[in-house]
Amino acid sequence: QSCLLLPNSWSTTILASKERRVIEPRKKQQDAGSTRDRILITNSEIAQPNSIPPLVSALKTCAHQNAATFHFPGHNRGRAAPSSLVHLIGLKPFIHDLPELPELDNLFSPEGPILEAQKLAAKLFGSSETWFLVGGTTCGIQAAILATCSPGDYLILPRNSHISAISAIVLSGVIPKYIIPDYDCLWDITAGVTLSQIEKAIEELHMEGQKVGAVFITSPTYHGICSNLTDISKLFHSYEIPVIVDEAHGAHFGFHPQLPSSALQQGADLAVQSTHKVLCSLTQSSMLHMSGNIVDRERICRCLQTLQSTSPSYLLLASLDAARAQLSEKPGRIFNNALDLALETKNLIRNIPGISMLGTLGFSNFPVIDPLRLTFGFWRLGLSGFEADETLYSDQGVISELVGTRSITFAINLGTCRDHIQRLACGIKNLSEASLLSFEKIKGQIEDHCGSAPFSDITMSLNPREAFFARKRKVAIGESLGKICGELICPYPPGIPVMIPGETITKKALEYLVLVKNKGATISGASDPLLNSIVICDV
């Protein structure tokens, strides 16, 4: 089998210790291999940056070497790439899927293009240091908690924190001090946490003589609801306690006057962002930003080396560098079109009969909501979010970001176009016109639903780490009431646990899980996804 020659391949390569110097390539006639990898030119390719981002440049240079390769991965720069995937995405991803070669730097000891790319990101996002993550924001949250808390410390966090925070508690051995967030039963949505709730939590722990390792805040929430991080940061810094912010949904904050301020701008010490959500890196790539001098950077580095893969994807790393470069080209204007389309969407849908739009009225303690996160309620049409979502998809091909029991959330981003928002508005209008339910029936549904959050009355019998390692057994769900939960169960998305290992199983939590499952939610973490049985701690 003959080797494929790559387009514009390098004629000569000289290796010198750790650094590799590459001789300029000779112009070669385009071969057949480049033809089969031709892709469509998109708008993003037309708008070329002023200079190639450092990590993107290094990856390009390395991939175009005419090298005799005896390294991983096994597809050998696409020569043995699976044909089914090549037909789907072409050869280029394989050609650029390279290991930790000297030219590409080392994620855990960066000295070259990775270090340069991370420094450029730190400058753009206003951090003292930024780390690239290939394990998603999950990895960053785990590292942040492990780096600031020691076994036995207390971590103050909202009970609607992402599952990654709970896994970090298990890994670190810290004890959670939960804050019950505001809850709107009409929407079946939880919000953020207030300064008074935070103050109460820290006062209670200090009265008990407990050590607080850190506070962990989710802002914005999946629905775009923001907490007042400025006041929270000031409070905790007066105790010299670090503030960690799960800013997975807010990597775009601070880059337009109409967008909320970022966590770092509000005083957070550590902020973890999913660069792949509203910004444009590849899925699973994120960034961890640090500010101030409360957190030990060396401990962050050690924790990331413990948690991240030793074989990081350079496609993911380069995509972070590229997304940073894209944002830095016009940071104050890049979201102009997205914000205009978000406003247009609201204006098209706000007056459709039977449709509710999430605003700050239901959450008076949280006056700031991400304008690019739009949530519409369908209960006045007698529809659950899952039912409405199915109809929107079958009618207009609309694919949403987050489906709830009573609402759907739509994410507006840099790639949103006017045609798509018109299809969304048309689909919702059709939903409204098709509803024939009487007002009395709808009113009854609304009244029957209202209550408190499914985790408002939790009792922690074991801490999550103790429960994780405890002996377990499976019982019928009807027999589980009052027992100690042995598995982490949550509807996904958004990945907010309804039951956490170590908590006493309540009737409210069981009923809520059955409710969302019957409405169409996927239940993750449960050993029995049908919820006929549940794992409990046998203690």
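The exercises below, each with a worked solution, concern a predicted model.

**Exercise 1. Overall make-up**

Task: State how many helices and strands the protein has, what share of its residues is buried, and what share of the contacts with a separation of 6 or more joins residues 24 or more positions apart.

Solution: 
- Step 1. The secondary structure consists of 18 helices and 19 strands.
- Step 2. The protein has 539 residues, and 51% of them are buried.

**Exercise 2. Helices H7 and H11**

Task: Describe how the axes of H7 and H11 are placed, classify their crossing, and list the residues that make the contact.

Solution: 
- Step 1. Two quantities describe a pair of packed helices: the angle between the axes and the distance between them.
- Step 2. For H7 (residues 136–148) and H11 (residues 297–307), the axes come within 9 Å and cross at roughly 135°.
- Step 3. H7 is therefore oblique to H11; an angle over 145 degrees would count as roughly antiparallel.
- Step 4. The handedness of this crossing of H7 and H11 is right-handed.
- Step 5. On the H7 side the contact is made by Cys 139, Gln 142, Ala 143, Ala 144, Leu 146, Ala 147 and Thr 148. H11 supplies Arg 299, Ile 300, Cys 303, Leu 304 and Leu 307.
- Step 6. By type, the residues in the contact of H7 with H11 are 9 nonpolar, 2 polar and 1 charged.

**Exercise 3. Nonpolar cores**

Task: In the largest nonpolar core, find the residues that touch the most other members and the helix that gives the most residues.

Solution: 
- Step 1. The largest nonpolar core has 55 residues, of which Phe 335, Leu 372, Phe 378 and Ile 428 touch the most other members.
- Step 2. Helix H12 (residues 314–329) gives the most to this core, namely 6 residues.
- Step 3. Leaving out residues up to four places away in sequence, Ile 428 touches Ile 349, Ile 352, Ile 355, Phe 376, Phe 378 and Leu 392.
- Step 4. Another core, of 32 residues, lies apart from the largest one and includes Ala 143, Cys 149, Ile 166 and Phe 216.

**Exercise 4. Asp 153**

Task: Locate Asp 153, decide whether Asp 153 is buried or exposed, and name the residues that Asp 153 touches.

Solution: 
- Step 1. Asp 153 sits in the loop between H7 and strand E4 (154–158).
- Step 2. The relative accessible area of Asp 153 is 7%. The cut-off for buried is under 20%, so Asp 153 is buried.
- Step 3. Beyond four places in sequence, Asp 153 touches Val 174, Ile 175, Lys 211 and Gly 213.
- Step 4. Pro 176 is 23 residues from Asp 153 along the chain, and their C-alpha atoms are separated by 8.6 Å.

Terms used. Residues are numbered from 1 along each chain as its sequence is written. This is a predicted model: local features need pLDDT of at least 70, side-chain atom pairs count only at pLDDT 80 or more; totals for chains, interfaces and linings use all residues. Side-chain values use heavy atoms; hydrogens and water are left out. Axes are lines fitted to C-alpha atoms, for helices over the stretch in contact, and angles run from 0 to 180 degrees between N-to-C directions. Helices (H or I, at least four residues) and strands (E, at least two) are DSSP runs, numbered from the N terminus. Angles under 35 degrees count as roughly parallel, over 145 as roughly antiparallel, 65 to 115 as roughly perpendicular and the rest as oblique. A crossing is left-handed if the near helix is turned anticlockwise from the far one by less than a right angle, and right-handed if clockwise. Contact means heavy atoms within 4.5 Å. Ala, Val, Leu, Ile, Met, Phe, Trp, Tyr, Cys and Pro count as nonpolar, Asp, Glu, Lys and Arg as charged, and the others, Gly among them, as polar. A nonpolar core is a set of buried Ala, Val, Leu, Ile, Met, Phe, Trp, Tyr and Cys residues joined through side-chain atoms within 4.5 Å. Buried means under 20% relative accessible area, exposed over 50%, partly exposed in between (1.4 Å probe, protein chains only).
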